[in-house]
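Welcome! Here is a short briefing to read alongside the sequence and the 3D view.

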Amino acid sequence: MPINAGYEYAEAQKKLNEAKTPQEKIKALENLLSVSPSHKGAEKLRLEIKTKISKLKEKQEKERAKKAGGFSLSIKKEGAAQIVLAGLTNSGKSTIIQRFTNAKPLIAEYEYTTKSPEIGIMDFNGIKLQLVELPAFFDGFYESEKGPTYFGIIRSADLIAIVLDGKRNCEQDLKQIENEFSKASIKLKKIKSADENAARCIVVVNKILTNFKCHYPVCWVDDFKDAIWRMLGLIYVYTKQPGKNKDYPPVALSNGGTVEDLASLVHKDFLKRFKFARVWGRSVRHSRSNVSISHKLDEGDVVEFHLK
């Protein structure tokens with residue numbers, strides 16, 4: 001399908017071809033993404049541009065890490081999504097990861113108890129989500145020996161959760177954290193922002209909830225699991241075999257995912273042999289309805305595949 005790109009796209013492509021340094025290429029690619037068509041036929045093109053931007057930025061982080069002393073660390077993604085917990089010392093990051101996952105981090109009254117990333121798996125109605133707690137931020141965190149590496153982890157995450165201690169000055173603490181992200185050239189996505197280059201984030205207020213002005217989505221720690229799930233833009237659906245109960249665990253799909261998306265995740269042959277699907281749930285007017293491969297699914301749907 002043609003992408004029907006206009007004059008602005010052609011000019012942006014020209015600037016990209018002229019770019020020499022990695023920084024120039026990143027800037028040119030971000031500009032190209034901003035002027036690229038947004039219709040369905042251009043989805044593959046936009047994904048390719050985003051992937052190029054991500055790879056260039058990750059390469060930059062690795063190079064900075066080498067210059068800073070050779071520290072390098074990568075964390076393999078597990079589950080349906082990876083969420084990074086970032087915050088100042090004693091903000092409650094370790095308490096969150098202990099409460100919602102299987103991890104057992106060191107929790108103490110003294111500062112900077114987390115010396116290296118803590119990793120845990122959080123269960124959301126059968127869907128596994130990976131939480132990564134980073135060491136506490138401080139002034140100059142990005143310029144520190146391990147800072148570029150930690151921001152490399154942040155950059156590849158699906159969601160950033162900024163943890164604030166409600167007993168402290170939240171606006172001041174948030175500003176300090178924003179400053180470190182700014183040094184790393186990472187834009188945090190504000191409420192109602194349409195900037196596709198910005199990283200998705202949520203502010204989690206721990207301990208005591210205080211009122212403060214915030215440009216990002218905010219949740220109280222007790223609502224952490226539900227808020228994280230909403231921010232990820234995912235839904236979970238179930239599969240079942242004819243004559244049997246629904247399978248467990250469910251499968252995670254992007255919001256707006258279709259029967260085709262589910263089929264491609266379950267088994268590659270399902271797409272080739274697809275005849276129809278039978279669905280129970282909110283996406284159909286009547287339970288046990290027969291639907292086509294392009295049918296959009298809703299959270300909690302149960303899907304039974306029928307093959308040729």
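## A first look

E180 and K183 sit about one helical turn from each other, because three residues separate them in helix 6. Helices (H or I, at least four residues) and strands (E, at least two) are DSSP runs, numbered from the N terminus. This is a predicted model, in which local features need pLDDT of at least 70 and side-chain atom pairs count only at pLDDT 80 or more, while totals for chains, interfaces and linings use all residues. Residues are numbered from 1 along each chain as its sequence is written, and side-chain values use heavy atoms, with hydrogens and water left out.

- E180 and K183 form a salt bridge, and their closest N and O atoms are 3.2 Å apart; the term stands for a side-chain nitrogen of Lys or Arg within 4 Å of a carboxyl oxygen of Asp or Glu.
- E180 counts as buried, at 0% relative accessibility. Buried means under 20% relative accessible area, exposed means over 50%, and partly exposed lies in between (1.4 Å probe, protein chains only).
- K183 is partly exposed at 31% relative accessibility, whereas E143 is exposed at 51%.
- D173 has a salt bridge with R168, where the closest N and O atoms are 3.0 Å apart.
- D173 is buried, with a relative accessible area of 8%, while R168 is partly exposed at 31%.
- In total, the structure holds 13 salt bridges.

- Six strands form an open sheet with mixed pairing, in the order 2-3-1-4-5-6. Two strands pair if DSSP finds at least two bridges between them.
- Axes here are lines fitted to C-alpha atoms, for helices over the stretch in contact, and angles run from 0 to 180 degrees between N-to-C directions.
- Helix 4 (residues 93-100) packs on the sheet and touches strand 1 (81-87), strand 2, strand 3, strand 4 and strand 5. The direction of helix 4 makes about 45° with that of strand 2.
- Contact, for this and the touches below, means heavy atoms within 4.5 Å.

- Strand 5 (residues 201-206) is mostly covered, with six of its six residues buried.
- In a regular strand the side chains alternate between the two faces of the sheet.
- In strand 5, both faces are covered: C201, V203 and V205 lie on one side, I202, V204 and N206 on the other, and all are buried.
- Strand 5 pairs with strand 4 (residues 159-165) in the parallel sense, over six bridges, and D165 stands opposite N206.
- Strand 5 and strand 6 (residues 218-220) also run parallel, joined by three bridges. Across this pairing, V203 stands opposite V218 and V205 stands opposite W220.
- Strand 4, helix 6 (residues 170-183) and strand 5 make a right-handed β-α-β unit. Right-handed means that, with the strands pointing away from the viewer, the path from the first strand over the helix to the second runs clockwise.

**Two residues to look up**

- S36 lies in the loop between helix 2 (22-35) and helix 3 (43-67) and is buried at 7% relative accessibility.
- The side chain of S36 reaches the backbone oxygen of L33 at 2.9 Å.
- Leaving out residues up to four places away in sequence, S36 touches Y9, L45, R46 and I49.
- L265 lies in helix 8 (residues 259-266) and counts as exposed at 54% relative accessibility.
- Beyond its neighbours within four places in sequence, L265 is in contact with V251, A252 and L253.
- The C-alpha atoms of L265 and A252 are separated by 9.5 Å, and the two residues are 13 apart along the chain.

Note on methods: Polar contact = N/O pair within 3.5 Å; in protein donor to acceptor, adjacent residues only side chain to side chain.
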